[in-house]
Each structure stands twice: as C-alpha cells, then as structure tokens.
Amino acid sequence: MENSIETVYFLENPEKNIIKFATGTQLRYEDVIKEVFGVACINDLHMMLQYNKSFQTSICKSYGISEKKITLDKIIRVASKADMLRLKKQMIEAQKNNMNEIHHEEEYSIRCPFDSIIKLQEGLYQWDDANFSYSAVTNGA
C-alpha cells in the first residue's frame with residue numbers, strides 16, 4: 001500500500017450547477033476551487049457563503065435548508081460511496097454520448113479515476129477493474 005492514501009472530495013456549486021470530484025492533493029495544488037466556485041481559495045469561499053446572496057439562495061434551494069443552516073460542508077465534503085456511484089454513471093453516460101452505436105452498459109470500460117486505493121466517508125476503497133468501480137477494503141487478508 002502507498003504511504004499516503006488520498007481522500008476524495010465532493011464539490012458542488014448549485015448556483016452554477018457544477019459538481020466535481022477532487023483529491024486532497026488536487027484541492028491544494030490545482031485550481032479546482034476556482035473551477036467550481038470562481039474564487040481562489042477556501043477562505044474566499046467562506047466569504048461567498050457569508051455575503052453572496054444568490055449563492056446562499058441556491059444552496060438553500062438545493063438542500064431545502066434555511067440560511068442559518070448553510071455550512072461549508074454542504075458544498076465541499078468527503079465523498080461517499082453513493083457519490084462515487086453517481087460519478088460512475090456520469091462516466092458511462094459520457095462514453096455513451098461519445099459513441100455512435102448503441103452498446104450495453106457491460107461493454108463500457110471505465111479507467112480508474114483516482115488512485116487505486118482511496119478514502120471515502122465510509123472508509124477505504126480499492127479499485128476493481130472487473131466491475132469498473134471501487135470496492136470496500138476489508139480488514140484482514
């Protein structure tokens with residue numbers, strides 16, 4: 001196993017209808033925050049949550065919450081297994097849209113989108129080439 005297991009994050013900007021997945025390294029060293037939210041860093045995102053009325057409204061509408069319940073973890077959080085299944089469906093749809101012929105879902109192959117072992121809300125997951133998805137890592141060998 002590698003020294004450092006990457007955590008995968010789920011980022012959502014409901015105002016611009018953008019959803020993106022990123023690793024901790026990508027959040028630190030790439031412009032992912034800027035791509036999704038249009039600001040340079042997470043500190044600027046705190047300001048957006050506090051003062052950008054249309055952004056606040058879009059979050060409230062998306063999550064069915066009041067302004068008082070808006071927190072940073074609504075728009076940036078550790079991804080869950082359900083989030084990863086959503087990503088898999090998006091990747092399959094993207095492949096379907098790029099092909100001219102109609103294929104069955106089993107005929108699609110998805111490349112490992114992150115490291116072979118990642119951390120999600122539910123724990124550690126390892127890439128399974130046979131199923132084109134991540135499977136929970138069980139304790140023991």
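This is a predicted model: local features need pLDDT of at least 70, side-chain atom pairs count only at pLDDT 80 or more; totals for chains, interfaces and linings use all residues.
The chain contains five helices and six strands. Along the sequence these elements follow the order β-β-α-α-α-α-β-α-β-β-β. Of the 141 residues in the chain, 32% are buried. Among contacts between residues at least 6 apart in sequence, 45% link residues at least 24 apart.

The largest nonpolar core comprises 17 residues, and those with the most contacts inside it are Leu11, Ile33, Phe37, Leu45, Phe55, Ile75 and Ile76. Two or more residues of this core come from each of helix 2, helix 3 (42-51) and helix 4. Helix 2 supplies the largest share, four residues. Another core, of 14 residues, lies apart from the largest one and includes Phe21, Ile118, Trp127 and Tyr134.

Three aromatic pairs are present in the structure. In one of them, the ring centres of Phe10 and Phe21 are 5.5 Å apart and the ring planes stand at 75°, so the arrangement is edge-to-face. Phe10 belongs to strand 1 (residues 6-13) and Phe21 to strand 2 (residues 18-23); the pair therefore ties together parts that are eleven residues apart in sequence. Phe10 and Phe21 are both buried. Phe37 and Phe55 form an aromatic pair that is also edge-to-face, with 6.2 Å from centre to centre and 80° between the planes. Because Phe37 lies in helix 2 (residues 32-37) and Phe55 in helix 4 (residues 53-63), this pair ties together parts that are 18 residues apart in sequence. Phe37 and Phe55 are both buried, and both are listed among the residues with the most contacts inside the largest core. A ring also takes part in an arrangement with a charged side chain: the charged end of Lys74 sits over the ring of Tyr63, 5.7 Å from the ring centre.

Helix 5 (residues 81-98) consists of 18 residues. From its first C-alpha to its last, helix 5 reaches 26 Å, close to the 26 Å expected at 1.5 Å a residue. The buried residues of helix 5 are Asp83, Met84, Leu87 and Ile92. These residues pack against strand 1, strand 2, strand 3 (76-78), strand 4 and strand 6. In an α-helix there are 3.6 residues a turn, so residues three or four places apart point the same way.

Towards the end of the element order, strands 4, 5 and 6 are joined by antiparallel pairing. Strand 4 (residues 117-120) and strand 5 (residues 123-128) are connected by four bridges. Leu120 stands opposite Gly123 of strand 5, and the two strands form a hairpin with two residues between them. Strand 5 is also paired with strand 6 (residues 133-136), again over four bridges. In this second pairing, Tyr125 is opposite Ala136 of strand 6. The hairpin of strand 5 and strand 6 has four residues between the strands, and within this hairpin Phe132 adopts a positive phi near 55°.

Notes: Residues are numbered from 1 along each chain as its sequence is written. Side-chain values use heavy atoms; hydrogens and water are left out. Rings of Phe, Tyr and Trp (its six-membered ring) pair if their centres lie within 6.5 Å; planes under 30 degrees apart count as stacked, over 60 as edge-to-face and the rest as tilted. Buried means under 20% relative accessible area, exposed over 50%, partly exposed in between (1.4 Å probe, protein chains only). A charge sits over a ring if NZ of Lys or CZ of Arg is within 6 Å of the ring centre and within 35 degrees of the ring normal. Two strands pair if DSSP finds at least two bridges between them. A nonpolar core is a set of buried Ala, Val, Leu, Ile, Met, Phe, Trp, Tyr and Cys residues joined through side-chain atoms within 4.5 Å. The expected span of a helix is 1.5 Å times one less than its number of residues. Contact means heavy atoms within 4.5 Å.
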